[in-house]
Amino acid sequence: MDDIINDNIINDNIINDNIITDNITTAWGSDCVCHNQKKEELLTIINNYENIPGSLITVLSHAQRIFGYLPKEVLYDVSSGLKTPLSIVMGVVTFYSHFSTTPKGKYTIRVCNGTACHVKGSRDILQTIQNRLKIKEGETSQDLKFSLETVTCLGACALAPVMMINDMYHGKLSSQKVNEILSELVEN
Ligand code: FES
């Protein structure tokens, strides 16, 4: 009887996990060399952390660095490698905004909308970017070149208004300065 109940619980978890990941982009279809190298790197990292408690966020961060985002198969690998239920993995991924289950652009633009930046015109900066790239906050351009996000503070309030493009800060922005920065990236 106990075995039947346990089997039902396991099956329920599988069904729930399938529902949870149904809307997540799949990435494992490819057999290309670079893709296999990425998967190998991920599995090495999972092996390194599998016996270290509380390492889920670290492993997910590495996974996102390797793949650029967190596709369904990566989440399955992290879940089984760390022996952590997929529902918990998904809970962490959806809680932290810097994790993404959809592909990101080559350049991720983060516009600060914290108090200091808001007072100094961050909404105009955001509008300038949206007009120029034809994407809205939270979107990625179709050519996968740009993703646009807003954040509450980038920790550089003295430079307000501020944005980051990947790891680089750009401060004391004006619409003209933003357009100049974007022009360089659009041509790259
Ligand atoms: S409020 Fe924008 S960097 Fe702090």
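Begin by selecting strand S3 (residues 163–165) together with S4: the two pair in the antiparallel sense over three bridges. Strands here are DSSP runs (E) of at least two residues, helices are runs (H or I) of at least four residues, and both are numbered from the N terminus. Two strands pair if DSSP finds at least two bridges between them. Within this region, select methionine 163, which stands opposite histidine 170 in S4.

Two remarks on the model are needed at this point. The model is predicted: local features need pLDDT of at least 70 and side-chain atom pairs count only at pLDDT 80 or more, while totals for chains, interfaces and linings use all residues. Residues are numbered from 1 along each chain as its sequence is written.

Next, display the whole sheet, which is open, has four strands in the order S2-S1-S3-S4, and shows mixed pairing. Strand S2 (146–151) and strand S4 (168–170) are at the edges with a single partner strand each, so one side of each has no neighbour in the sheet. On average, neighbouring strands of this sheet are turned by 20 degrees against each other, direction ignored.

Axes are lines fitted to C-alpha atoms, for helices over the stretch in contact, and angles run from 0 to 180 degrees between N-to-C directions. Two residues are in contact if their C-beta atoms, placed from the backbone, lie within 7 Å.

Move on to helix H5 (residues 86–95). Which residues of H5 are buried? They are Leu86, Val89, Met90 and Val93; a residue is buried if 20 or more other C-beta atoms lie within 10 Å of its own, exposed if 12 or fewer, and partly exposed in between, with C-beta atoms placed from the backbone. Seen down the axis of H5, these buried residues fall within an arc of 95 degrees, so they line one face of the helix. The arc is that of the directions from the helix axis to the C-beta atoms. On the other side of H5, Ile88 and Phe95 are exposed.

The contact involves Leu56, Ile57 and Leu60 of H3 and Val89, Val92 and Val93 of H5.
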